[in-house]
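Please read the following report alongside the sequence and the model.

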Amino acid sequence: MKSIRFFSLCAAALGFSAAHAQTIDGQRDAGYTDVAVQNTETGFGDSNLGLIDKANGSELDRFSYVRTATDLYIFIGGNLENGPSVYQKVAIFFDSIPGGYNRLPQDLPDIDFNRLIRMGDDGSGNGLTFDAGFEADHYIGFVNGGDPVGVFVNYAQIETIGNGGVAYYMGSTFPGSNGFLDGGNNPFGVAGTIDNSNTAGVPGGFGSDPGNGATVTTGIEIRIPLGQLGSPTGPIKICAFVHSDGLDFLSNQVLKGIGGGDNLADPRFVNFSSISGDQYVVIPPPAAPETIAPDALTLQRGQIISGTIADLATDNNVALRLKKFFVANPVEPFVWGTLQGTTSILTPSSVTFRVKSRMVTGGQFRQELEQWNWNTSSYENLLNTNPFNTVYGTRESVASPATGKVNGSGRLQARIRTFPNGISANPLPEVDWDLVNWIVNP
Ligand SMILES: [Ca+2]
Ligand SMILES: [Ca+2]
Ligand SMILES: [Ca+2]
Ligand SMILES: [Ca+2]
């Protein structure tokens, strides 16, 4: 099936891609990437209910993410125990910007009925301590409990604590919902929910686990607009763990895991730097799209009047000028060029072939852009511009998904053809190609 769409140049430059289609519902979508699998059995009970809303145990089985230019999606497979008066919680700490706290200090912002302070220093020099190099800036508290089961989300800005701190309740929803948080303060539009139906993953206990969480596809799913995290552009470190309603008892369910062992108990005395390995995951920034200029041109029809292939690399109105040379049939293209280039992105989510061009001589013409599919040995993603006239325009043939558009050597191929479509003011019409390139999105 041919897929033709116009993307604005801005959207293409930012690397937006149709490949990122996460639906907030507590189920892991195919686009997620894993950054951690639990290595510790759960000391907070192994849920065996299999219900979307209710769970009789808590575990964090795997941590997956999708990061776009605007949003971070996180999926934490597992369960959170709940009941009419049971509210178990996941604390999610983010190190997303410079500064922040490696050890949680006194006077943390007032959130969750002022329980967040229970993890910080009590004045004697303790306080939950992260691994070296992790300096927390933001906190999201994900809570479920009650009957019917509700989901409640809290937020605190840790890095501004010296200025009094910022914290707010973001709102509530229900298990299996679309994650819309109702009734709170949610300036950036965070959305999240839980699907509690997992009965697999890690078993109950305190031993190490070989990775049973790797196949869990239900749990906590949250979309976080990056503005909520200070608009980071670099890596984002995240430490997540299950703890009790009072925020005064930490489980052994931490991601990354603790490598087997008992519940960690009072968070004030927990020091992740004294536990082997990193008790956090790292979300890399989204890879940048590549812009690829052609390095090879084969003219099937027409001849070069002026310029070279190098002129195609720059949008400067200095064009490669082509002219009708010999065409046997008056309905065939009179200028027809095949272009190639090489990208380092071998499995792109989308490929856009972009051409800024115009007629030099007047008349009635049209232009076709198409991309070569190396798998099917055929041209696809036709963009037909009709009329094609003497005013410069930039047109795009968009392949999204981009199956077959890059071969195993990173090679791209596309063609530009100009056809007569009626009268011509000149028996040998001329065409300008100013800018020709591919935008390859990871
Ligand atoms: Ca989902
Ligand atoms: Ca930080
Ligand atoms: Ca389990
Ligand atoms: Ca550690």
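The sections below describe domains, cores, strand pairing and backbone geometry.

## Basis of the model

This is a predicted model, in which local features need pLDDT of at least 70 and side-chain atom pairs count only at pLDDT 80 or more, while totals for chains, interfaces and linings use all residues. Residues are numbered from 1 along each chain as its sequence is written, and chains are lettered from A and ligands numbered from 1 in the order in which they are written.

## Domains and cores

The chain is divided into domain 1 (32–283) and domain 2 (290–441), with bounds that come from an automatic or database domain assignment. The centres of domain 1 and domain 2, taken over C-alpha atoms, are separated by 50 Å.

A nonpolar core is here a set of buried Ala, Val, Leu, Ile, Met, Phe, Trp, Tyr and Cys residues joined through C-beta atoms within 7 Å; a residue is buried if 20 or more other C-beta atoms lie within 10 Å of its own, exposed if 12 or fewer, and partly exposed in between, with C-beta atoms placed from the backbone. The largest nonpolar core has 68 residues, of which Ile76, Val90, Ile92, Tyr139, Ile238 and Ala240 touch the most other members. Apart from it lies another core, of 32 residues, among them Ile292, Leu339, Phe365 and Val406.

Strands (E, at least two residues) are DSSP runs, numbered from the N terminus, and two strands pair if DSSP finds at least two bridges between them. Strand 5 (residues 86–95) is mostly covered, since nine of its 10 residues are buried.

Strand 4 (residues 82–83) runs antiparallel to strand 5 and is joined to it by two bridges, and these strands form a hairpin with two residues between them. Strand 5 is also antiparallel to strand 6, with eight bridges, and to strand 12, with seven bridges. Ala91 has Gly141 as its bridge partner in strand 6 and Phe241 as its bridge partner in strand 12.

## Backbone details

Most residues other than glycine have a negative phi, and most peptide bonds are trans. A cis peptide bond joins Asp147 and Pro148, with omega about 0°, and Pro148 lies in the loop between strand 6 (138–145) and strand 7 (150–157). Another cis peptide bond joins Ser400 and Pro401, with omega about 5°.

Leu247, although not a glycine, has a positive phi of about 60°, and Leu247 is buried, with 20 other C-beta atoms within 10 Å. Asn317 likewise has a positive phi, near 60°, but Asn317 counts as exposed, with 12 C-beta neighbours inside 10 Å.

How values were computed: Helices (H or I, at least four residues) and strands (E, at least two) are DSSP runs, numbered from the N terminus.
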